[in-house]
Amino acid sequence: MMQKRTVLITGSTSGIGLSIATAFAQQGYNLILNGLEANGPQLAETMAAEFSINADFDPANMLDPAALRAMVSRAGEKFGGIDVLVNNAGIQYVSPIEEFPEDRWDAILGVNLTSAFHLTKAVWPFMKKQQFGRIINIASAHGLVASEYKSAYVAAKHGLIGFTKTIALEGAPCGITANAICPGYVKTALVDKQIADQARTHQLSEQDVVEKILLAKQALKQFIPAESIAALCLFLASESAATLTGAALPIDGGWTAQ
Ligand code: NAD
C-alpha cells in the first residue's frame, strides 16, 4: 500500500463487520469501528496494539443522521480523510405483511438503507477532494431476490443496490467506486436469532431450520464464511478494482444462480 489508508466500517463490533474490520487491520489500514455492542472501545484498543494501526470506536446510531455526520467529520479530522466506507450495519425482522409492525419497517429502512445515504453524503467531499474513494455496501442475496415474510429487509436491500448503482455513476468522474456485496447466509448473531425464531414458529429443530429452510436455496449447502466477504471487501478497496463499479456481487453459494 502506497500510504496508510483509512476505512470506516459500520456495525463492525459483531459478525461480518468485525471480520471486515479485522481483514483491513491486518493490511495496515487505520480503522473507525462502529456498532451497538459494548466491546467497541476495547476492540479498537486491541486492534490498534495488535496490528500497529490507529483505531477508533464511534458508537453513532445508524438512526441518528446528526451522529453519523459527526462521526465522519471527527474521523476526517483525525485521519485526514476517509478512503473506504463500508456500509455494513443491518437488522432483520421476520413477519407476514399483515402483522408487520410499522416501527420495525421504519427501523429496517433506516439502519439498512438510509444510513448509507447519510454516510455516503458525508464522506463524499473527502473522497472527491483526494480523487479516490471506495464505497462498499453490504446488501444481501435478498437485494436480488425475495423471500416471504421479509418485506422490509428485502425492500431495503433492493434499495441499497439501486443506491449503489447511482453513486457509482456519480463517483466515476472523481475516482470513487461503489459496489454492493450480496451474501447468502452467514452464521452470525443476526442469523442465530432467525434460526431460534423459525424453530419456535415452525416447531422444528434448529438443525432442521438450517437444512430445510435457510440453506435450502443455496446450492452449496454451507454457510458463507464471513472471512470470504472480508476478502472481497479488501479486493474492492484495492487499486486492482479501480474499474469495478456499480456492481452487485453475489457470494451466496449459488442461491441466485437459480
Ligand atoms: P450482526 O447482528 O452480527 O451485526 C450487525 C451489526 O450492526 C452489529 O455490530 C450491530 O451493533 C450493528 N447495528 C445494528 N443496528 C445498529 C444501529 N442502529 N446503529 C449502529 N449499529 C447498528 O449481523 P451480521 O450478520 O454481521 O450482518 C451484517 C450485515 O450483513 C447486515 O447488513 C446484514 O443485513 C448483512 N447480511 C447478513 C447475512 C447473514 O446471513 N448474516 C446475509 C446477507 C447480508
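How much area do domain 1 and domain 2 bury between them, and what share of it lies on carbon and sulfur atoms? In this predicted model, local features need pLDDT of at least 70 and side-chain atom pairs count only at pLDDT 80 or more, whereas totals for chains, interfaces and linings use all residues. Residues are numbered from 1 along each chain as its sequence is written, and side-chain values use heavy atoms, with hydrogens and water left out.

The protein divides into domain 1 (6-184 + 225-251) and domain 2 (185-223), with bounds that come from an automatic or database domain assignment. Taken over C-alpha atoms, the two centres are 25 Å apart. The size of an interface is often given as the accessible area lost when the parts come together. Here, domain 1 and domain 2 bury about 830 Å² between them, and 59% of this is on carbon and sulfur atoms; the value is the accessible area (1.4 Å probe) that the two parts lose on being put together, summed over both.

On the side of domain 1 that touches domain 2, helix H1 (15-26) and helix H8 (226-237) each supply at least two residues; helices (H or I, at least four residues) and strands (E, at least two) are DSSP runs numbered from the N terminus. In all, 15 residues of domain 1 are in contact with eight residues of domain 2, contact meaning heavy atoms within 4.5 Å. Zero salt bridges are counted between the domains, a salt bridge being a side-chain nitrogen of Lys or Arg within 4 Å of a carboxyl oxygen of Asp or Glu.

The structure as a whole holds eight salt bridges. One of them joins Arg-74 and Asp-58, whose closest N and O atoms are 2.6 Å apart. This pair links distant parts of the chain, with Arg-74 in helix H3 (residues 65-79) and Asp-58 in strand S3 (residues 55-58), 16 residues apart.

Turning to the ligand, 29 residues are around it, and Ser-14, Asn-88, Tyr-153, Val-186 and Thr-188 come nearest; a residue counts as near if one of its heavy atoms lies within 4 Å.
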